[in-house]
Amino acid sequence: MILEQRVACTCFALGTGVVLVPMLTHFHLRELSDLSPYGAALYTAVVNGVLLFMCRGYLYQVGIRACGLGLAFGLGLWLSVSAAQWYVFGWYMCALSFFHFSEFIVTATYNPESLSLDSFLLNHSMEYGLAAVASWVEFVLEAWIFPDMKQLPFLHYAGLLLVVGGELLRKVAMLTAKSNFNHIVQSKKVDSHMLVTHGVYQLCRHPAYVGWFYWSLGTQVLLCNPVCVIGYTWASWHFFRERVEDEEVTLLNFFGEQYLDYMQRVGTGLPFIQGFKANF
């Protein structure tokens with residue numbers, strides 16, 4: 001485990017520790033629902049002070065991001081057991097924070113040469129951030145105006161299944177590709193680049209994108225956000241269609257006939273997306 005990975009894991013655990021605040025502040029076992037905003041804010045300030053003391057520069061930037069994600073994960077756990085109307089938003093917070101944290105950890109494990117702060121994918125794009133905020137706003141407004149609309153357990157569990165399944169598929173794809181996986185489409189082939197066609201890549205050409213597509217859609221089904229279900233499906237589909245076509249042009253340049261043969265045998269895995277239309 002490299003240094004950045006150890007720092008990230010430690011800081012994520014420290015952030016998640018916010019759920020222990022009720023016990024720390026009352027000195028005896030309390031329920032998780034006793035977490036107060038003041039206690040959480042004090043805990044966050046103390047942890048940030050520890051990070052400032054222990055880490056500097058790049059490692060502090062890694063630590064503060066991992067700690068923030070851990071804090072979101074811990075608050076998600078708190079919401080999931082303490083707020084009847086908001087428990088599903090707690091699930092969402094756990095899923096979102098773990099997704100971004102695990103992106104960094106898996107990259108650090110199998111492709112440390114490409115590891116950077118961008119590996120958290122927190123600054124993926126302005127559109128990604130706006131989409132996340134839009135889903136939060138929709139959930140809050142609908143929970144306030146139409147509270148019964150957010151109490152549909154069958155949709156919650158269907159969304160959770162998509163989230164967990166999508167997360168697992170993406171991470172298995174990253175672990176299978178190892179150093180051949182990169183968050184940025186590569187424009188120059190290096191000697192270590194290999195065409196991965198085994199494991200989950202036998203099922204579809206872009207399992208990491210398939211996993212992310214269904215994970216993204218699942219978060220909105222989980223939240224029972226009808227507007228964002230439609231919006232996320234449309235935006236994700238268009239994003240991955242363009243991304244797949246651009247990436248496959250590069251892969252054809254890298255691997256030529258080998259990739260052409262692979263394209264003929266295996267589909268993209270994404271609905272109604274065929275990928276780059278090569279002349280077979």
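A residue is called buried when its relative accessible area is under 20%, exposed when over 50%, and partly exposed in between, with a 1.4 Å probe and protein chains only. The model is predicted, so that local features need pLDDT of at least 70 and side-chain atom pairs count only at pLDDT 80 or more, while totals for chains, interfaces and linings use all residues. Residues are numbered from 1 along each chain as its sequence is written, and side-chain values use heavy atoms, with hydrogens and water left out.

**Exercise 1.** Determine whether Phe120 is buried or exposed, and which residues it touches.

*Solution.* Begin with the location: Phe120 lies in the loop between helix H5 (87-110) and H6. Because its relative accessibility is 0%, Phe120 counts as buried. Next, leaving aside residues up to four places away in sequence, Phe120 touches Val62, Arg65, Ala66, Leu69, His100, Phe101 and Phe104, where contact means heavy atoms within 4.5 Å. Finally, Phe120 and Ala66 are 54 residues apart in sequence, and their C-alpha atoms are 8.5 Å apart in space.

**Exercise 2.** Work out how helix H6 (residues 126-145) and helix H9 (residues 226-255) are arranged.

*Solution.* First, the axes of H6 and H9 come within 9 Å and cross at roughly 160°. H6 and H9 are therefore roughly antiparallel to each other, a term for angles over 145 degrees. Then consider the residues: Ala131, Ala132, Ala134, Ser135, Glu138 and Glu142 in H6 meet Pro226, Val227, Cys228 and Tyr232 in H9. By class, this contact of H6 with H9 has 7 nonpolar, 1 polar and 2 charged residues.

Note on methods: Axes are lines fitted to C-alpha atoms, for helices over the stretch in contact, and angles run from 0 to 180 degrees between N-to-C directions. Helices (H or I, at least four residues) and strands (E, at least two) are DSSP runs, numbered from the N terminus. Angles under 35 degrees count as roughly parallel, over 145 as roughly antiparallel, 65 to 115 as roughly perpendicular and the rest as oblique. Ala, Val, Leu, Ile, Met, Phe, Trp, Tyr, Cys and Pro count as nonpolar, Asp, Glu, Lys and Arg as charged, and the others, Gly among them, as polar.
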